[in-house]
Amino acid sequence: MTVVHASKPVIILIHGAWHLPDAWHKVKFRLEAAGYEVYAPKLSTVAESEPLNFSWRVDAAVIHDLAIPLFNQGRQVVLVGHSYGGIVATASVEGQTVADRQSRGLRGGFAAVVFVCAFSIPQQGLSLLSMIGGRSPEWIEATGASTNMPGALKVTPQLTPFYTDLPLDEATEWIGKLQLQSPRSFEEALEFCANDIKIPMTYLLCEGDQALPIQVQESMADAIPRMKTRRCTAGHSPFLSQLGLTVEVIVDVARNV
């Protein structure tokens, strides 16, 4: 039986676009075994078949709905965002850090953020789409007008760049789990950026990433003076291909909260 230590921060794992929370399953299991209380909520901009055109704002609301009751219990929370989840983490932090809440006479709050080959947008007024040059890469396509989700974004299976360092059978299994993504989540600009975050931030740079190239990761991290960095050779899904290192990075951050 795993014993959860209330003195440790809670960890919230935020999945990326097209993914479901089960992408974090192995990380969640290991963190829980280490005594952490861990949550991996499903974001609302990811859908299987229902029409949607949501921005990252609804995903930040998902995180707040989960985190604020924990704050009210006096708990501190570490956010971990993968890929698009970095945008959700950034937006969620605004006004909800430990210091922000203390200034309003409230308990708890966000205490640190970990970006896992994620979008850490360094400047207000930029969106995910603007960070990749204003147009989607060839492996992203829009659903047709004849579908019940016209314009929703999907990943072309044979071009999927997320699992390039996994065995073929495992990569194929994960590709089959990918969902549809709201285009507005990529298009809407952030009003609060990573440079506005005043709590500790760590970026796990993934050198083998073919979805978010290492040069883009480095340019975002370098543009944020407060950002600490760790580096690995993984592709876009280090929580699957380099599980131990991913857990180590998160625990190192959590221990210093």
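These questions and answers concern a predicted model.

Q: What makes Cys206 count as buried?
A: The cut-off for buried is under 20% relative accessible area. Cys206 has a relative accessible area of 0%, so Cys206 is buried.

Q: How do you know whether Cys232 is buried or exposed?
A: Cys232 has a relative accessible area of 5%. Buried means under 20% and exposed means over 50%, so Cys232 is buried.

Q: Which residues and elements form the largest pocket?
A: The largest pocket has a volume of about 290 Å³. Of the 16 residues that line this pocket, Pro200, Thr202, Lys228, Val253 and Asn256 are the closest to its centre. At least two lining residues come from each of β5 (109–116), β9 (201–206), β10 (227–232) and α10 (243–255).

Q: How does the lining of the largest pocket divide by class?
A: The lining of the largest pocket has 8 nonpolar, 4 polar and 4 charged residues.

Q: What makes up the lining of the second largest pocket?
A: The second largest pocket has a volume of about 200 Å³. Its lining has 17 residues, and the closest to the centre are Trp18, Ser83, Phe119, Trp139 and Ala211. By class, the lining of the second largest pocket holds 13 nonpolar residues, 4 polar ones and no charged ones. Trp and Phe count as nonpolar, so Trp18, Phe119 and Trp139 belong to the nonpolar class.

Q: Why is the span of helix α2 called close to the expected one?
A: Helix α2 (residues 56–72) has 17 residues. The expected span is 1.5 Å times one less than the number of residues, and for α2 this is 24 Å. From its first C-alpha to its last, α2 reaches 24 Å, so the span is close to the expected one.

Q: Where does α2 have a kink, and what follows the helix?
A: The kink, of about 25°, lies at Leu66, shortly before the proline Pro69. After α2 comes Gly74, whose phi is positive, near 90°.

Q: Which residues of α2 are buried?
A: Among them are Trp56, Asp59, Ala60, Ile63, His64, Ala67 and Phe71. In an α-helix, residues three or four places apart point the same way, because there are 3.6 residues a turn.

Technical notes. Residues numbered from 1 in each chain as written. Predicted model: local features only at pLDDT ≥ 70, side-chain atom pairs only at ≥ 80, totals over all residues. Heavy atoms only, no water. Buried < 20%, exposed > 50% of the residue type's maximum accessible area, 1.4 Å probe, protein only. 1 Å grid on protein atoms, 1.4 Å probe; cavity = no way out; pocket = protein on both sides within 12 Å on 5 of 7 lines; lining within 4 Å. Points joined across faces, edges and corners; volume = space filled by probe spheres on them. Helix = DSSP H or I, 4+ residues; strand = E, 2+ residues; numbered from the N terminus. Bend = angle between axes of the 7 residues up to and from the residue.
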